[in-house]
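Here is a short report on confidence and charged pairs. Start with the view below.

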Amino acid sequence: MTTTYLLFLLPILIATIITSPVAAAGGQWRVLQKSIGVVAMHMQLLHNDRIAIFDRTDFGLSKLPLPNGKCRHDPRETTVRNDCTAHSVEYDVKSNTFRALFVETDVWCSSGSVNPVGTLIQTGGFNDGDRNVRIFEPCNGCDWREIQGELGARRWYATNHALPDGRQIIIGGRQQFNYEFYPKNGGANVINLPFLAQTNEPGAENNLYPFVFLNVDGNLFIFANNRAILFDYTKNAVVRQFPQIPGGEPRSYPSTGSAVLLPLNLQARNLEAEVLICGGAPKGAFQKVAKNEFVGALNTCARIKITDPNPRWVLEKMPGARLMGDMITLPNGEVLIINGAAAGAAGWETGRNPVLNPVIYKPNNPIGARFESQNPSNTPRMYHSTAILLRDGRVLVGGSNPHRAYNFENVLFPTELSLEAFSPTYLEPIFANIRPRIVSPTPAQKYGQKLEVQFEVQAALDLNAVQVTLLAPPFNTHSFSMNQRLLVLESGKVANVEKNKYAIEVTIPGSPILAPPGFYILFVVHKEIPSEGVWVQIH
């Protein structure tokens with residue numbers, strides 16, 4: 001207790017602040033759909049290369065009618081009780097088309113995770129939907145199925161994470177200082193977590209949508225507000241308290257920053273896990289919006305090695321301030337920071353100064369040379385924006401609605417119904433001849449199994465610059481990608497099979513602690529240029 005107290009009092013002793021120069025811009029933008037009819041507030045890529053997208057039922061009437069005269073009749077709805085418009089769509093990446101889906105109750109500010117067989121389990125929401133579970137299977141013509149009252153507590157602004165045993169844990173939510181499991185484990189299913197009450201800031205909260213990552217020891221790293229714990233969910237015990245981020249500024253909703261677990265290198269002799277948290281809004285920013293004061297966002301990232309016996313935060317300055325950004329792990333292990341604003345806070349009409357330029361963060365570069373500015377979008381992506389990685393390496397970007405309803409006119413930032421794709425520099429034609437193309441099948445794999453991956457490269461192959469990575473596609477909402485996880489697989493030497501065709505043997509992770517059961521995207525990376533990914537199921 002004394003040690004923890006001292007760590008919180010002396011953040012200046014455990015931090016280093018580094019300013020990084022900014023490299024030249026790169027990347028390309030393309031509008032895919034001018035309107036999908038709904039706001040892309042929540043997104044999840046499924047293993048049929050289709051994306052479940054949804055916003056909320058109490059925005060009012062959307063711009064997408066439900067098919068075949070179908071309507072939603074909900075006497076408990078707060079806005080439109082007889083609604084014949086959709087509030088969810090399925091987007092088909094390959095055909096660039098979408099179709100309307102039907103949700104029964106309000107899914108506003110909810111959470112989710114994909115189960116081991118590839119089905120999206122979405123949990124909670126608002127009003128009559130806050131205790132409900134919704135199920136979406138990746139099959140032709142399928143629609144949402146809803147289970148009323150399935151949760152033990154109302155889950156609004158909660159975070160989900162897939163667990164090694166195939167369940168998911170649901171942590172927090174507004175005024176919910178507890179967690180539960182789904183499917184239920186037979187015992188008490190709502191369990192108190194005092195850490196969430198301790199990080200709850202009067203008048204602002206600043207601990208919603210906590211950042212949660214499964215550590216390599218099987219415990220959960222949980223970050224809320226400005227500090228974190230390592231939590232043993234099997235024993236309901238705090239294993240470790242990490243030092244507060246230097247400066248003590250909040251990084252959780254509504255002072256919304258973003259976070260990623262940096263790639264886990266399974267080839268390393270000693271497996272390490274690092275967390276990177278970027279952006280947010282200073283303490284008091286949310287309250288000052290009520291006075292029409294829009295405080296500048298934070299311009300720092302904080303990085304910590306959570307497996308270190310004496311972990312400390314290292315601060316780095318971003319090219320610019322940002323809150324409500326999304327952090328997307330790319331197939332080559334770099335991190336894309338995209339979307340957001342440079343002032344204000346998350347919430348209704350509370351953000352200002354959209355940040356249109358994404359930034360690439362290169363975690364393996366020397367300190368001081370990690371940030372690379374990218375070409376800007378033309379579309380502000382403010383509150384309720386999303387971004388997810390696609391199997392072909394592009395990043396799908398959508399959403400933005402800082403209003404209590406759909407609002408398209410006479411407002412600073414109109415409701416945005418479009419989808420666009422950001423193509424990182426690695427997709428430029430100049431790299432086509434060194435880009436791998438996977439040519440072998442990837443059947444379902446068991447833990448610890450060997451897998452031969454065959455691929456083609458047109459140019460001369462650099463045998464020492466080949467890696468195979470495995471990505472868990474996340475559930476993205478409110479600037480956090482739940483379950484996002486990239487593993488660099490243990491691999492043998494590259495063998496030349498025939499002209500321009502090669503084979504590399506990799507080892508599937510040996511434990512569900514490293515890779516919870518489910519569907520992943522496998523990439524071959526050559527000279528930091530990734531192939532198009534292929535789906536592989538691990539069980």
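## Salt bridges: the rule

A salt bridge here is a side-chain nitrogen of Lys or Arg within 4 Å of a carboxyl oxygen of Asp or Glu. Side chains of opposite charge can pair when their charged atoms come close. The model is predicted. By the rule above, the count is 24 salt bridges.

## Confidence

The chain has an average pLDDT of 94. A score of at least 70 is reached by 95% of the residues. Among the elements, strand S18 (residues 220-224) has the highest mean pLDDT, 99. Helix H1 (residues 2-9) has the lowest, 33. Across residues 1-17 the pLDDT stays below 50. This stretch still has 22 contacts in the model beyond near neighbours in sequence.

## A pair across the sequence

Lys-305 and Glu-272 form a salt bridge, 3.4 Å from N to O. Lys-305 sits in strand S24 (residues 300-305), and Glu-272 in the loop between strand S22 (264-265) and strand S23 (274-278), so the pair ties together parts 33 residues apart in sequence. Lys-305 is partly exposed at 26% relative accessibility. Glu-272 is partly exposed too, at 39%.

## Buried and partly exposed pairs

Asp-58 and Arg-56 meet in a salt bridge at 2.3 Å, N to O. Asp-58 is buried, with 4% relative accessibility. Arg-56 is also buried, at 4%.

Glu-137 pairs with Arg-145, and their closest N and O atoms are 3.1 Å apart. Glu-137 is partly exposed, at 33%. Arg-145 is partly exposed, at 44%.

## A network

Salt bridges also link Arg-72, Asp-74, Arg-76, Glu-77 and Asp-128 in a network.

Definitions and conventions:
Residues numbered from 1 in each chain as written. Predicted model: local features only at pLDDT ≥ 70, side-chain atom pairs only at ≥ 80, totals over all residues. Heavy atoms only, no water. pLDDT = per-residue confidence, 0-100. Helix = DSSP H or I, 4+ residues; strand = E, 2+ residues; numbered from the N terminus. Contact = heavy atoms within 4.5 Å. Buried < 20%, exposed > 50% of the residue type's maximum accessible area, 1.4 Å probe, protein only.
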